[in-house]
Amino acid sequence: MAFMKKYLLPILGIFLAYYYYSAKEEFRPEMLRGKRVIVTGASKGIGREMAYHLARMGAHVVVTARSEEALKKVVSHCLELGASSAHYVAGTMENMTFAEQFVAKAGKLMGGLDMLILNHITNTNNPMTVFIDDIGHVRKSMEVNFLSYVVLSGAAMPMLKQSNGSIVVVSSIAGKTANPLIAAYSASKFALDGFFSSIRVEYAVTNVNVSITLCILGLIDTETAMTGTAGIYNAEASPKEECALEIIKGGALRQKEVYYDSSVLTPFLLGNPGRKIMEFLSLRNYNMEIFINN
């Protein structure tokens with residue numbers, strides 16, 4: 001108890017003060033000028049808006065999604081908006097071989113990679129329903145919404161290490177709290193938090209200078225979200241254009257988490273530092289030689 005009062009509590013106080021009050025670097029659009037960026041799920045919605053923002057900032061952009069026709073239009077508009085270069089590669093993230101090969105192709109098109117933005121989700125005709133026994137839907141959701149993210153980030157790591165780059169993972173409040181009617185989707189988003197938050201700690205301990213930004217989004221006014229929630233879930237939807245910009249800002253500033261929701265309470269309720277304190281303290285239980293030797 002004496003040790004806790006003398007050492008641990010002051011350390012926790014300093015940690016909390018830093019967490020809540022430390023000054024944050026200001027975002028500047030020129031941070032993205034000339035940067036080489038991949039955006040997945042970019043044929044519509046938030047992904048398309050991110051591609052357009054990046055183009056206005058003068059980035060090199062490679063976009064991917066299933067619809068080749070939609071991607072052609074996105075690339076054309078990116079070039080009109082001022083992108084340093086813009087390319088597309090159409091394909092499905094249900095195919096892990098495609099996911100891995102896509103990253104390699106994008107890297108060749110841009111001559112490397114500075115930022116990987118993972119935004120795609122599985123396509124479903126009935127996204128909100130009580131779960132009974134649709135194991136196929138759960139499996140597909142985990143493969144596309146989670147496993148393909150792991151494959152893409154793994155394939156991108158050699159290039160990101162060279163550029164001291166960033167991984168931006170688009171997730172959801174459904175990956176932080178229990179949400180009925182979207183059990184499979186929620187499970188895949190919880191998995192993203194567990195995996196990418198864990199390797200963020202591994203990178204910090206092993207001095208890998210690749211940032212990981214987890215973006216926790218509320219309901220956004222994309223066509224897919226509005227159609228899927230109509231008559232079932234009544235909440236204020238936030239604009240996709242502003243959401244896309246906040247995601248890019250978070251990645252450029254190398255923030256650990258970005259919260260974007262219609263409620264100002266969301267970052268305070270879900271960004272509670274208790275978990276971060278526990279993660280910090282748990283490191284003392286590890287044999288650090290394991291990290292050093294790997």
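Which residues does Val 63 touch, not counting residues up to four places away in sequence?

**View 1. Val 63 and its contacts.** Val 63 touches Val 39, Ala 42, Ala 51, Leu 71, Val 74, Val 75, His 87, Tyr 88, Val 89 and Phe 102, where contact means heavy atoms within 4.5 Å. Before going on, a word on the model: it is predicted, so local features need pLDDT of at least 70 and side-chain atom pairs count only at pLDDT 80 or more, while totals for chains, interfaces and linings use all residues. Residues are numbered from 1 along each chain as its sequence is written, and side-chain values use heavy atoms, with hydrogens and water left out.

**View 2. The nonpolar cores.** A nonpolar core here is a set of buried Ala, Val, Leu, Ile, Met, Phe, Trp, Tyr and Cys residues joined through side-chain atoms within 4.5 Å; buried means under 20% relative accessible area, exposed over 50%, and partly exposed in between (1.4 Å probe, protein chains only). The largest such core has 37 residues, and Val 63 is among those with the most contacts inside it, along with Leu 32, Met 50, Leu 54, Ile 117, Leu 217 and Ile 247. Helix H2 gives the most to this core, with six residues. Apart from it lies another core of 34 residues, including Ala 106, Met 110, Leu 116 and Leu 152.

**View 3. Helix H2, residues 45-56.** Helices are DSSP runs (H or I, at least four residues), numbered from the N terminus. Ten of the twelve are buried, among them Met 50, Ala 51 and Leu 54. Just after H2, Gly 58 takes a positive phi of about 85°.

**View 4. Glu 246 in helix H8, residues 240-252.** Glu 246 is partly exposed, because its relative accessible area is 26%. Leaving aside neighbours within four places in sequence, Glu 246 is in contact with Val 258 and Tyr 260.

**View 5. Helix H4 (residues 96-110) against helix H5 (residues 135-163).** The two axes, lines fitted to C-alpha atoms over the stretch in contact, with angles running from 0 to 180 degrees between N-to-C directions, come within 9 Å and cross at roughly 35°. Residues meeting there include Phe 102 and Val 103 in H4 and Leu 147 and Leu 152 in H5.

Notes:
Helices (H or I, at least four residues) and strands (E, at least two) are DSSP runs, numbered from the N terminus. The expected span of a helix is 1.5 Å times one less than its number of residues.
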